[in-house]
Amino acid sequence: MITDSIWYKPVSIATLNEENAGTLNAHLGMEFTEIGPDFLTASMPVDHRTVQKYGILHGGASMALAETVGSIAGTLVIDPDLFVCFGMEINANHIRSARSGRVYATARALHLGGRTQVWDIRIQDESGQLICICRHTVAVVAKIR
């Protein structure tokens, strides 16, 4: 059981959601829902903003949710006065479709290095069915002073 947090400093779900204003995240209805000692979860509705023409969750919307939760998790691990994070690569396996409700993406670190991070992101529907599995690589870059 993990008792220590991987996060650089404490952060609230309310703060993360406030920072969504005016972003793609807000446009697609994403909301951060839970933060634990070693994971971050965000949700997104399956609605007119996120489905494709057949009425099922668009793979690109799943990727946007995965990259959002992985990138934000990445920034929460580093000292924001010294570093910034940028997404380098993301891949996905779409396992099952979703037609309604909300989907939930949970990011957990696979690797937290000085220059890169790798995050495993699992997207599930409201009943816990696996929708998509993603791996997201994040670059950690020193801020120019």
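This is a predicted model: local features need pLDDT of at least 70, side-chain atom pairs count only at pLDDT 80 or more; totals for chains, interfaces and linings use all residues.
Residues are numbered from 1 along each chain as its sequence is written, and local features need pLDDT of at least 70, side-chain atom pairs count only at pLDDT 80 or more, and totals for chains, interfaces and linings use all residues. Side-chain values use heavy atoms, with hydrogens and water left out.

The chain contains three helices and six strands. Both are DSSP runs numbered from the N terminus (helices, H or I, at least four residues; strands, E, at least two). Along the sequence their order is α-α-β-β-α-β-β-β-β. The C-alpha atoms fill a box of roughly 50 × 35 × 25 Å along the principal axes. The radius of gyration is 15 Å, which agrees with the value near 15 Å for a compact globule of 145 residues. This radius is taken over C-alpha atoms, and the globule rule is 2.2 Å times the number of residues to the power 0.38.

Buried residues make up 40% of the 145 residues. Buried means under 20% relative accessible area, exposed over 50%, and partly exposed in between (1.4 Å probe, protein chains only). The chain exposes about 7,900 Å², and carbon and sulfur atoms supply 54% of this area. Areas come from the Shrake-Rupley method with a 1.4 Å probe; for residues, only the protein chains shown count as cover. Among contacts with a separation of 6 or more, 62% join residues 24 or more positions apart. A contact means heavy atoms within 4.5 Å.

The largest pocket holds about 160 Å³ of space. Its lining includes Tyr8, Leu16, Glu19, Ile72 and Pro80. Helix H1 (13–18) and helix H3 (59–77) are the elements that give two or more residues to this lining. H3 supplies the largest share, three residues. By class, the lining has eight nonpolar, two polar and two charged residues. Ala, Val, Leu, Ile, Met, Phe, Trp, Tyr, Cys and Pro count as nonpolar; Asp, Glu, Lys and Arg as charged; the others, Gly among them, as polar. On a 1 Å grid over the protein atoms alone, a pocket is an open set of points where a 1.4 Å probe fits, with protein on both sides within 12 Å along at least five of seven lines; lining residues have an atom within 4 Å of a point.

Glu31 is found in strand E1. Glu31 is partly exposed, at 42% relative accessibility. Beyond four places in sequence, Glu31 contacts Asn17, Asn20, Ala42, Ser43 and Arg102. Asp38 lies in the loop between strand E1 (31–35) and strand E2 (39–45). Asp38 is buried, at 17% relative accessible area.

Note on methods. Grid points are joined across faces, edges and corners, and a volume is the space filled by probe spheres set on the points.
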